[in-house]
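Hello,

Here is the structure I promised to pass on.

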Amino acid sequence: MWRALAFVGIVRMLCAATVQLDSGMISGVSGTSAAVQVYKGVPYAAPPVGNLRWREPQPAAHWEGVRSADQFGATCMQSAPRATTTPPKMSEDCLFLNVWTAAASANDRRPVMVWIHPGGYQTGSGSTPGYDGEALAKKGVVLVTINYRLGVFGFFSHPELTKESEHHASGNYALMDQAAALRWVQTNIAGFGGDPQRVMVFGDSAGSSSIANLMGSPRVKGLFQRAVGESGAWMGLSLTPARTLAEAEQSGVKIAGALHAQTLDELRATSANDLVKAGRAGGPVIDGWFLPEDVGTAFAEHKQNDVPLLVGSNKDEGTFFLQPTTAEKFMERARMRFGDQADAFLKLYPAGTDEEASASQLAAFRDELAFVMRVWARAQTKTGHSKAFLYYFTHQPPPATGATSRGGFGSGATHGSEAQYVFGNLLPTRAWTDLDHQVSDTLSSYWVNFATNGDPNGGGVSKWAAFDDQGSGRPMVLGDQAAIGPAPNRAQLAFFEAVYEKERGTER
(Lines give C-alpha, C1' and ligand atoms only; values in the text may rest on other atoms or scores of the structure.)
Protein backbone atom coordinates (compact mmCIF):
# COMPACT_ATOMS: atom_id res chain seq x y z
CA MET A 1 0.00 0.00 0.00
CA TRP A 2 2.74 2.47 0.95
CA ARG A 3 4.47 1.85 -2.39
CA ALA A 4 1.25 2.64 -4.25
CA LEU A 5 0.78 5.81 -2.22
CA ALA A 6 4.38 6.81 -2.86
CA PHE A 7 3.91 6.27 -6.59
CA VAL A 8 0.77 8.44 -6.57
CA GLY A 9 2.71 11.11 -4.72
CA ILE A 10 5.49 11.07 -7.29
CA VAL A 11 2.98 11.37 -10.13
CA ARG A 12 1.30 14.31 -8.40
CA MET A 13 4.66 15.95 -7.87
CA LEU A 14 5.49 15.52 -11.56
CA CYS A 15 2.12 16.91 -12.58
CA ALA A 16 2.73 19.97 -10.42
CA ALA A 17 6.39 20.55 -11.46
CA THR A 18 6.99 24.30 -11.61
CA VAL A 19 9.44 26.41 -13.57
CA GLN A 20 10.31 30.05 -12.93
CA LEU A 21 10.16 32.17 -16.09
CA ASP A 22 11.07 35.81 -16.51
CA SER A 23 7.31 36.52 -16.61
CA GLY A 24 6.23 34.33 -13.68
CA MET A 25 5.92 30.77 -12.43
CA ILE A 26 4.28 27.98 -14.44
CA SER A 27 3.29 24.43 -13.61
CA GLY A 28 3.33 21.61 -16.12
CA VAL A 29 1.81 18.15 -16.43
CA SER A 30 3.35 14.79 -17.05
CA GLY A 31 3.23 13.34 -20.53
CA THR A 32 2.19 9.84 -21.48
CA SER A 33 5.40 8.84 -19.76
CA ALA A 34 5.72 10.19 -16.23
CA ALA A 35 9.39 10.88 -17.03
CA VAL A 36 8.41 13.66 -19.45
CA GLN A 37 7.07 17.01 -18.29
CA VAL A 38 4.91 19.05 -20.68
CA TYR A 39 4.22 22.78 -20.50
CA LYS A 40 1.49 23.90 -22.87
CA GLY A 41 0.24 27.31 -23.91
CA VAL A 42 3.09 29.32 -22.43
CA PRO A 43 2.92 32.97 -23.60
CA TYR A 44 6.21 34.17 -25.07
CA ALA A 45 4.93 37.61 -26.07
CA ALA A 46 2.02 39.93 -25.40
CA PRO A 47 -1.19 39.33 -27.38
CA PRO A 48 -0.72 41.13 -30.73
CA VAL A 49 -4.20 42.65 -30.64
CA GLY A 50 -5.66 46.14 -30.81
CA ASN A 51 -2.90 48.68 -31.23
CA LEU A 52 -0.32 45.84 -31.22
CA ARG A 53 -1.71 44.35 -34.43
CA TRP A 54 1.03 44.61 -37.09
CA ARG A 55 3.71 45.62 -34.64
CA GLU A 56 6.80 43.87 -33.33
CA PRO A 57 5.92 41.36 -30.60
CA GLN A 58 6.13 42.86 -27.13
CA PRO A 59 7.20 41.06 -23.92
CA ALA A 60 4.58 38.92 -22.20
CA ALA A 61 2.98 40.49 -19.14
CA HIS A 62 4.09 39.34 -15.69
CA TRP A 63 1.68 37.35 -13.55
CA GLU A 64 1.48 36.53 -9.87
CA GLY A 65 1.25 33.04 -8.44
CA VAL A 66 1.59 29.87 -10.51
CA ARG A 67 0.08 29.76 -14.00
CA SER A 68 -1.16 26.34 -15.08
CA ALA A 69 0.36 25.23 -18.38
CA ASP A 70 -1.84 22.19 -18.94
CA GLN A 71 -3.74 23.29 -22.08
CA PHE A 72 -2.56 24.36 -25.51
CA GLY A 73 -3.10 28.01 -26.34
CA ALA A 74 -5.26 29.30 -29.17
CA THR A 75 -4.22 28.66 -32.75
CA CYS A 76 -3.35 31.79 -34.73
CA MET A 77 -6.06 33.12 -37.05
CA GLN A 78 -6.26 31.22 -40.33
CA SER A 79 -8.79 30.23 -42.94
CA ALA A 80 -8.18 26.49 -42.92
CA PRO A 81 -6.47 25.22 -39.77
CA ARG A 82 -4.97 21.75 -39.90
CA ALA A 83 -7.17 19.20 -38.22
CA THR A 84 -6.35 18.26 -34.65
CA THR A 85 -7.89 15.72 -32.31
CA THR A 86 -9.17 18.47 -30.02
CA PRO A 87 -8.78 21.66 -32.06
CA PRO A 88 -8.11 24.74 -29.92
CA LYS A 89 -9.95 27.95 -30.59
CA MET A 90 -8.51 30.46 -33.05
CA SER A 91 -7.55 33.91 -31.86
CA GLU A 92 -5.22 36.78 -32.54
CA ASP A 93 -4.05 36.16 -28.97
CA CYS A 94 -1.98 33.17 -30.08
CA LEU A 95 1.70 33.79 -29.33
CA PHE A 96 2.19 30.66 -27.25
CA LEU A 97 4.78 27.91 -27.17
CA ASN A 98 4.95 24.42 -25.72
CA VAL A 99 7.83 22.59 -24.02
CA TRP A 100 8.54 18.88 -23.51
CA THR A 101 11.41 17.86 -21.25
CA ALA A 102 12.65 14.75 -19.48
CA ALA A 103 15.47 16.63 -17.72
CA ALA A 104 15.87 15.69 -14.07
CA SER A 105 16.93 19.20 -13.11
CA ALA A 106 17.77 22.62 -14.47
CA ASN A 107 21.42 21.58 -14.37
CA ASP A 108 21.02 18.93 -17.09
CA ARG A 109 21.77 21.42 -19.90
CA ARG A 110 20.22 19.29 -22.62
CA PRO A 111 20.26 20.36 -26.28
CA VAL A 112 17.14 22.25 -27.38
CA MET A 113 15.13 21.67 -30.55
CA VAL A 114 12.71 24.46 -31.58
CA TRP A 115 10.13 23.44 -34.22
CA ILE A 116 8.75 26.03 -36.65
CA HIS A 117 5.62 24.54 -38.17
CA PRO A 118 4.66 24.38 -41.87
CA GLY A 119 1.51 25.64 -43.56
CA GLY A 120 2.51 27.99 -46.36
CA TYR A 121 2.62 30.90 -43.88
CA GLN A 122 -1.18 30.67 -43.88
CA THR A 123 -2.13 27.73 -41.63
CA GLY A 124 -0.84 25.45 -38.89
CA SER A 125 0.14 25.59 -35.24
CA GLY A 126 2.65 24.22 -32.76
CA SER A 127 -0.03 22.14 -31.07
CA THR A 128 -0.77 19.78 -33.99
CA PRO A 129 -0.66 16.20 -32.60
CA GLY A 130 2.04 15.16 -35.05
CA TYR A 131 4.41 17.66 -33.40
CA ASP A 132 4.06 16.18 -29.91
CA GLY A 133 7.57 16.35 -28.46
CA GLU A 134 7.52 13.45 -26.02
CA ALA A 135 9.44 10.93 -28.14
CA LEU A 136 12.23 13.43 -28.84
CA ALA A 137 12.33 14.52 -25.20
CA LYS A 138 12.87 10.88 -24.24
CA LYS A 139 15.85 10.86 -26.62
CA GLY A 140 17.53 13.55 -24.55
CA VAL A 141 16.51 16.96 -25.90
CA VAL A 142 14.22 19.71 -24.69
CA LEU A 143 11.61 20.14 -27.43
CA VAL A 144 9.83 23.43 -28.10
CA THR A 145 7.02 24.10 -30.59
CA ILE A 146 5.71 27.59 -31.31
CA ASN A 147 2.83 29.50 -32.86
CA TYR A 148 3.48 32.57 -34.98
CA ARG A 149 1.17 35.01 -36.75
CA LEU A 150 -0.10 33.80 -40.11
CA GLY A 151 -1.38 35.22 -43.36
CA VAL A 152 -2.54 38.83 -43.26
CA PHE A 153 -1.62 39.04 -39.56
CA GLY A 154 1.94 37.81 -40.11
CA PHE A 155 2.99 39.41 -43.40
CA PHE A 156 0.85 42.51 -44.00
CA SER A 157 2.69 45.51 -45.42
CA HIS A 158 1.19 48.93 -46.07
CA PRO A 159 2.71 52.37 -46.76
CA GLU A 160 1.15 53.76 -43.57
CA LEU A 161 2.57 50.91 -41.49
CA THR A 162 5.99 51.57 -43.00
CA LYS A 163 5.63 55.28 -42.20
CA GLU A 164 4.56 54.50 -38.64
CA SER A 165 7.47 52.13 -37.99
CA GLU A 166 10.65 53.44 -36.38
CA HIS A 167 12.49 51.06 -38.73
CA HIS A 168 10.63 52.34 -41.82
CA ALA A 169 9.55 48.80 -42.57
CA SER A 170 6.39 46.69 -42.48
CA GLY A 171 5.58 43.02 -42.88
CA ASN A 172 7.60 40.09 -41.50
CA TYR A 173 5.69 40.05 -38.20
CA ALA A 174 5.65 36.26 -38.33
CA LEU A 175 9.45 36.19 -38.53
CA MET A 176 9.62 38.69 -35.67
CA ASP A 177 7.41 36.33 -33.64
CA GLN A 178 9.79 33.47 -34.34
CA ALA A 179 12.72 35.61 -33.24
CA ALA A 180 10.83 36.59 -30.07
CA ALA A 181 10.21 32.92 -29.28
CA LEU A 182 13.92 32.24 -29.72
CA ARG A 183 14.75 35.10 -27.36
CA TRP A 184 12.33 33.56 -24.86
CA VAL A 185 14.22 30.27 -25.22
CA GLN A 186 17.53 32.00 -24.54
CA THR A 187 16.12 33.58 -21.39
CA ASN A 188 14.05 30.72 -19.99
CA ILE A 189 15.01 27.31 -21.36
CA ALA A 190 17.61 26.58 -18.66
CA GLY A 191 14.74 26.26 -16.20
CA PHE A 192 13.53 23.25 -18.18
CA GLY A 193 16.98 21.63 -18.20
CA GLY A 194 17.87 23.03 -21.62
CA ASP A 195 21.14 24.52 -22.82
CA PRO A 196 20.68 27.98 -24.40
CA GLN A 197 24.05 27.54 -26.14
CA ARG A 198 22.82 24.45 -28.02
CA VAL A 199 19.58 25.59 -29.62
CA MET A 200 18.62 24.01 -32.95
CA VAL A 201 15.80 25.41 -35.05
CA PHE A 202 14.14 22.93 -37.38
CA GLY A 203 11.12 23.17 -39.62
CA ASP A 204 9.34 21.84 -42.66
CA SER A 205 8.09 23.69 -45.76
CA ALA A 206 7.21 27.26 -44.66
CA GLY A 207 8.91 26.45 -41.35
CA SER A 208 12.06 25.55 -43.25
CA SER A 209 11.80 28.67 -45.40
CA SER A 210 11.39 30.71 -42.22
CA ILE A 211 14.65 29.27 -40.89
CA ALA A 212 16.49 30.21 -44.08
CA ASN A 213 15.24 33.77 -43.64
CA LEU A 214 16.20 33.77 -39.96
CA MET A 215 19.71 32.77 -40.99
CA GLY A 216 19.77 35.81 -43.27
CA SER A 217 18.54 38.30 -40.67
CA PRO A 218 20.90 40.38 -38.53
CA ARG A 219 18.10 40.61 -35.94
CA VAL A 220 18.48 36.95 -34.97
CA LYS A 221 22.23 36.78 -34.35
CA GLY A 222 23.15 34.37 -31.57
CA LEU A 223 19.64 33.07 -30.92
CA PHE A 224 20.34 29.57 -32.32
CA GLN A 225 23.45 27.48 -32.93
CA ARG A 226 22.25 24.87 -35.45
CA ALA A 227 19.62 24.89 -38.22
CA VAL A 228 17.69 22.16 -40.04
CA GLY A 229 15.58 22.88 -43.11
CA GLU A 230 13.17 20.30 -44.51
CA SER A 231 11.95 21.15 -48.03
CA GLY A 232 11.98 24.93 -48.23
CA ALA A 233 14.57 27.72 -48.46
CA TRP A 234 14.45 31.53 -48.47
CA MET A 235 12.99 31.55 -51.98
CA GLY A 236 10.30 29.08 -50.90
CA LEU A 237 9.83 25.72 -52.61
CA SER A 238 10.91 26.95 -56.04
CA LEU A 239 13.11 29.62 -57.58
CA THR A 240 10.75 32.43 -56.62
CA PRO A 241 12.09 36.00 -56.25
CA ALA A 242 11.65 37.57 -52.83
CA ARG A 243 8.98 40.24 -52.46
CA THR A 244 10.19 43.80 -52.21
CA LEU A 245 8.69 46.19 -49.67
CA ALA A 246 7.06 48.20 -52.44
CA GLU A 247 5.41 45.09 -53.89
CA ALA A 248 4.20 43.99 -50.46
CA GLU A 249 2.86 47.46 -49.69
CA GLN A 250 0.80 47.50 -52.87
CA SER A 251 -0.66 44.13 -51.97
CA GLY A 252 -1.58 45.59 -48.58
CA VAL A 253 -3.22 48.60 -50.20
CA LYS A 254 -5.45 46.23 -52.20
CA ILE A 255 -6.47 44.35 -49.07
CA ALA A 256 -7.25 47.62 -47.27
CA GLY A 257 -9.30 48.73 -50.25
CA ALA A 258 -11.31 45.51 -50.21
CA LEU A 259 -12.07 46.22 -46.55
CA HIS A 260 -12.97 49.89 -47.28
CA ALA A 261 -10.47 50.87 -44.57
CA GLN A 262 -8.98 54.34 -45.03
CA THR A 263 -6.69 54.52 -41.99
CA LEU A 264 -4.57 52.30 -39.77
CA ASP A 265 -7.07 52.83 -36.97
CA GLU A 266 -9.80 51.46 -39.20
CA LEU A 267 -7.63 48.53 -40.25
CA ARG A 268 -6.81 47.72 -36.63
CA ALA A 269 -10.49 47.99 -35.73
CA THR A 270 -11.45 45.47 -38.43
CA SER A 271 -12.48 42.12 -36.99
CA ALA A 272 -10.00 39.27 -37.23
CA ASN A 273 -12.52 37.16 -39.15
CA ASP A 274 -13.03 39.90 -41.74
CA LEU A 275 -9.28 40.20 -42.21
CA VAL A 276 -8.98 36.45 -42.80
CA LYS A 277 -11.65 36.72 -45.50
CA ALA A 278 -10.09 39.81 -47.11
CA GLY A 279 -7.25 37.99 -48.80
CA ARG A 280 -3.94 36.23 -48.41
CA ALA A 281 -0.80 38.13 -47.55
CA GLY A 282 2.35 36.71 -49.05
CA GLY A 283 5.43 35.51 -47.23
CA PRO A 284 8.67 37.22 -46.21
CA VAL A 285 9.46 40.72 -47.44
CA ILE A 286 12.81 42.38 -48.12
CA ASP A 287 11.80 45.16 -45.78
CA GLY A 288 15.17 46.85 -45.28
CA TRP A 289 15.27 46.05 -41.56
CA PHE A 290 14.47 42.50 -40.48
CA LEU A 291 15.54 41.34 -43.93
CA PRO A 292 17.81 44.13 -45.20
CA GLU A 293 18.49 42.34 -48.49
CA ASP A 294 17.80 39.16 -50.41
CA VAL A 295 18.95 36.26 -48.24
CA GLY A 296 20.97 34.82 -51.12
CA THR A 297 22.92 38.08 -51.18
CA ALA A 298 23.43 37.92 -47.41
CA PHE A 299 24.98 34.46 -47.81
CA ALA A 300 27.10 35.55 -50.77
CA GLU A 301 28.49 38.45 -48.72
CA HIS A 302 29.17 36.26 -45.64
CA LYS A 303 26.53 38.06 -43.57
CA GLN A 304 24.39 35.05 -42.63
CA ASN A 305 24.09 33.57 -39.17
CA ASP A 306 26.91 31.10 -39.62
CA VAL A 307 25.77 27.89 -37.93
CA PRO A 308 25.95 24.18 -38.85
CA LEU A 309 23.22 23.41 -41.36
CA LEU A 310 21.33 20.23 -42.28
CA VAL A 311 18.89 20.45 -45.20
CA GLY A 312 17.18 18.28 -47.77
CA SER A 313 14.07 17.35 -49.73
CA ASN A 314 11.94 14.33 -50.63
CA LYS A 315 11.55 12.05 -53.62
CA ASP A 316 7.82 12.60 -54.17
CA GLU A 317 7.43 16.24 -53.10
CA GLY A 318 4.88 17.21 -55.72
CA THR A 319 2.23 14.63 -54.86
CA PHE A 320 1.29 16.80 -51.88
CA PHE A 321 0.33 19.75 -54.11
CA LEU A 322 -0.25 18.76 -57.71
CA GLN A 323 -3.17 17.27 -59.58
CA PRO A 324 -2.81 15.69 -63.05
CA THR A 325 -2.37 18.15 -65.90
CA THR A 326 -2.61 18.07 -69.68
CA ALA A 327 0.23 18.24 -72.17
CA GLU A 328 -1.11 21.53 -73.53
CA LYS A 329 -1.27 23.21 -70.13
CA PHE A 330 2.12 21.90 -69.07
CA MET A 331 3.86 23.17 -72.22
CA GLU A 332 2.07 26.51 -72.02
CA ARG A 333 3.21 27.04 -68.43
CA ALA A 334 6.76 26.00 -69.34
CA ARG A 335 6.97 28.56 -72.14
CA MET A 336 5.48 31.32 -70.00
CA ARG A 337 7.91 30.67 -67.16
CA PHE A 338 11.15 29.71 -68.90
CA GLY A 339 10.98 31.63 -72.18
CA ASP A 340 14.00 30.80 -74.30
CA GLN A 341 14.92 28.04 -71.84
CA ALA A 342 11.59 26.25 -72.32
CA ASP A 343 12.84 23.89 -75.05
CA ALA A 344 15.63 22.70 -72.78
CA PHE A 345 13.10 22.21 -69.99
CA LEU A 346 10.71 20.22 -72.19
CA LYS A 347 13.53 18.01 -73.40
CA LEU A 348 14.20 17.03 -69.79
CA TYR A 349 10.51 16.94 -68.87
CA PRO A 350 8.65 15.80 -72.00
CA ALA A 351 4.91 16.18 -72.47
CA GLY A 352 4.03 13.99 -75.45
CA THR A 353 0.82 12.87 -73.76
CA ASP A 354 -1.27 14.04 -70.83
CA GLU A 355 0.05 11.15 -68.75
CA GLU A 356 3.65 12.02 -69.62
CA ALA A 357 2.98 15.69 -68.81
CA SER A 358 1.58 14.78 -65.39
CA ALA A 359 4.63 12.64 -64.64
CA SER A 360 6.96 15.41 -65.83
CA GLN A 361 5.12 17.94 -63.67
CA LEU A 362 5.85 15.86 -60.57
CA ALA A 363 9.45 15.26 -61.60
CA ALA A 364 10.09 18.95 -62.27
CA PHE A 365 8.64 19.97 -58.89
CA ARG A 366 10.83 17.37 -57.15
CA ASP A 367 14.00 18.38 -58.95
CA GLU A 368 13.52 22.13 -58.58
CA LEU A 369 13.01 21.79 -54.82
CA ALA A 370 16.04 19.48 -54.60
CA PHE A 371 18.04 22.20 -56.34
CA VAL A 372 16.68 24.89 -54.01
CA MET A 373 17.93 22.95 -51.00
CA ARG A 374 21.33 22.44 -52.67
CA VAL A 375 21.58 26.19 -53.20
CA TRP A 376 21.15 26.70 -49.46
CA ALA A 377 23.68 24.01 -48.54
CA ARG A 378 26.14 25.29 -51.13
CA ALA A 379 25.78 28.88 -49.97
CA GLN A 380 26.67 27.81 -46.44
CA THR A 381 29.69 25.77 -47.48
CA LYS A 382 30.98 28.53 -49.74
CA THR A 383 30.55 31.45 -47.40
CA GLY A 384 30.49 30.02 -43.88
CA HIS A 385 32.88 28.32 -41.52
CA SER A 386 30.26 25.80 -40.40
CA LYS A 387 29.54 22.56 -42.26
CA ALA A 388 26.40 21.70 -44.18
CA PHE A 389 24.79 18.27 -44.51
CA LEU A 390 22.41 17.39 -47.35
CA TYR A 391 19.77 14.64 -47.44
CA TYR A 392 17.30 13.14 -49.90
CA PHE A 393 14.36 11.34 -48.25
CA THR A 394 13.02 8.38 -50.25
CA HIS A 395 11.27 6.11 -47.74
CA GLN A 396 7.61 5.61 -48.63
CA PRO A 397 5.18 5.64 -45.70
CA PRO A 398 2.26 3.19 -45.83
CA PRO A 399 -1.02 4.65 -47.13
CA ALA A 400 -3.45 6.17 -44.68
CA THR A 401 -5.83 3.62 -43.21
CA GLY A 402 -9.12 3.62 -45.08
CA ALA A 403 -7.97 6.32 -47.48
CA THR A 404 -9.29 6.29 -51.01
CA SER A 405 -7.03 6.94 -53.95
CA ARG A 406 -6.91 10.50 -55.27
CA GLY A 407 -4.74 9.88 -58.27
CA GLY A 408 -1.62 9.54 -56.13
CA PHE A 409 -2.29 12.81 -54.27
CA GLY A 410 -0.04 12.88 -51.22
CA SER A 411 1.47 9.51 -52.05
CA GLY A 412 5.01 8.22 -51.70
CA ALA A 413 7.75 10.15 -49.92
CA THR A 414 5.66 13.27 -50.30
CA HIS A 415 6.23 16.82 -49.07
CA GLY A 416 6.60 16.85 -45.29
CA SER A 417 6.41 13.10 -44.87
CA GLU A 418 9.78 12.87 -43.11
CA ALA A 419 8.59 15.05 -40.21
CA GLN A 420 6.52 12.28 -38.62
CA TYR A 421 9.62 10.06 -38.61
CA VAL A 422 11.78 12.78 -37.09
CA PHE A 423 9.28 13.38 -34.29
CA GLY A 424 8.78 9.65 -33.74
CA ASN A 425 5.03 10.22 -33.94
CA LEU A 426 3.71 7.43 -36.13
CA LEU A 427 0.07 8.18 -35.40
CA PRO A 428 -2.47 5.34 -35.71
CA THR A 429 -3.81 6.45 -39.07
CA ARG A 430 -1.52 4.15 -41.07
CA ALA A 431 -0.46 0.52 -40.91
CA TRP A 432 3.10 1.21 -39.75
CA THR A 433 5.66 -1.58 -40.05
CA ASP A 434 8.79 -2.46 -38.11
CA LEU A 435 10.73 -0.85 -40.95
CA ASP A 436 8.88 2.44 -40.43
CA HIS A 437 9.84 2.41 -36.76
CA GLN A 438 13.46 1.70 -37.70
CA VAL A 439 13.45 4.62 -40.16
CA SER A 440 11.95 6.85 -37.46
CA ASP A 441 14.63 5.85 -34.97
CA THR A 442 17.35 6.59 -37.54
CA LEU A 443 16.01 10.00 -38.55
CA SER A 444 15.29 11.15 -35.01
CA SER A 445 18.78 9.99 -33.97
CA TYR A 446 20.41 12.04 -36.74
CA TRP A 447 18.39 15.13 -35.76
CA VAL A 448 19.12 14.70 -32.03
CA ASN A 449 22.81 14.19 -32.76
CA PHE A 450 22.82 17.37 -34.81
CA ALA A 451 21.11 19.30 -32.02
CA THR A 452 23.67 17.93 -29.57
CA ASN A 453 26.91 18.43 -31.50
CA GLY A 454 26.17 20.29 -34.74
CA ASP A 455 26.92 17.00 -36.54
CA PRO A 456 24.42 14.21 -37.35
CA ASN A 457 26.96 11.44 -36.76
CA GLY A 458 27.28 9.30 -33.66
CA GLY A 459 25.45 6.63 -31.73
CA GLY A 460 25.65 3.82 -34.28
CA VAL A 461 23.92 5.50 -37.25
CA SER A 462 25.47 5.28 -40.72
CA LYS A 463 28.24 7.78 -41.43
CA TRP A 464 26.94 11.03 -42.95
CA ALA A 465 29.61 12.97 -44.83
CA ALA A 466 29.43 16.75 -44.94
CA PHE A 467 28.17 18.26 -48.20
CA ASP A 468 30.87 19.11 -50.74
CA ASP A 469 29.47 20.69 -53.86
CA GLN A 470 32.91 20.96 -55.41
CA GLY A 471 33.42 17.23 -54.92
CA SER A 472 30.81 14.55 -55.43
CA GLY A 473 27.87 16.62 -54.17
CA ARG A 474 26.35 13.38 -52.95
CA PRO A 475 23.56 13.56 -50.35
CA MET A 476 22.66 11.16 -47.59
CA VAL A 477 19.78 9.12 -48.99
CA LEU A 478 17.33 8.49 -46.15
CA GLY A 479 15.40 5.52 -47.48
CA ASP A 480 14.64 2.10 -46.07
CA GLN A 481 18.25 2.33 -44.95
CA ALA A 482 20.48 5.38 -44.71
CA ALA A 483 23.45 5.57 -47.06
CA ILE A 484 25.36 8.14 -49.07
CA GLY A 485 23.91 8.03 -52.56
CA PRO A 486 24.29 9.71 -55.94
CA ALA A 487 23.03 13.21 -56.55
CA PRO A 488 19.56 12.79 -58.09
CA ASN A 489 19.09 13.76 -61.71
CA ARG A 490 22.25 15.76 -62.40
CA ALA A 491 21.11 16.99 -65.84
CA GLN A 492 17.88 18.30 -64.36
CA LEU A 493 19.71 20.01 -61.50
CA ALA A 494 22.01 21.61 -64.07
CA PHE A 495 18.98 23.06 -65.86
CA PHE A 496 17.70 24.73 -62.69
CA GLU A 497 21.23 25.98 -62.04
CA ALA A 498 21.08 27.78 -65.41
CA VAL A 499 17.66 29.24 -64.53
CA TYR A 500 18.95 30.40 -61.14
CA GLU A 501 22.04 32.03 -62.65
CA LYS A 502 19.94 33.81 -65.27
CA GLU A 503 17.47 35.15 -62.71
CA ARG A 504 20.30 36.41 -60.51
CA GLY A 505 22.18 37.88 -63.48
CA THR A 506 25.16 35.60 -62.91
CA GLU A 507 25.19 33.63 -66.15
CA ARG A 508 28.61 32.36 -67.05
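Cys-76 is buried, at 2% relative accessible area. Buried here means under 20%, exposed over 50%, and partly exposed in between, with a 1.4 Å probe and protein chains only. Cys-94 is buried too, also at 2%.

A word on the source. This is a predicted model, where local features need pLDDT of at least 70, side-chain atom pairs count only at pLDDT 80 or more, and totals for chains, interfaces and linings use all residues. Residues are numbered from 1 along each chain as its sequence is written, and side-chain values use heavy atoms, with hydrogens and water left out.

Back to the cysteines. Cys-76 and Cys-94 form a disulfide (a pair of cysteine sulfur atoms within 2.5 Å), with their sulfurs 2.1 Å apart. The structure holds one disulfide. The S-S torsion is about 90 degrees, so the disulfide is right-handed. The pair links distant parts of the chain, 18 residues apart. Cys-76 sits in strand β6 (residues 75-76), Cys-94 in the loop between β7 (90-91) and β8 (96-101). Strands (E, at least two residues) and helices (H or I, at least four) are DSSP runs, numbered from the N terminus.

Now the core. A nonpolar core is a set of buried Ala, Val, Leu, Ile, Met, Phe, Trp, Tyr and Cys residues joined through side-chain atoms within 4.5 Å. The largest has 105 residues; Trp-184, Phe-224 and Trp-376 are among those with the most contacts inside it. Helix α13 (residues 354-383) gives the largest share of this core, 13 residues. A second, separate core has 37 residues, including Val-228 and Phe-423.

Best wishes
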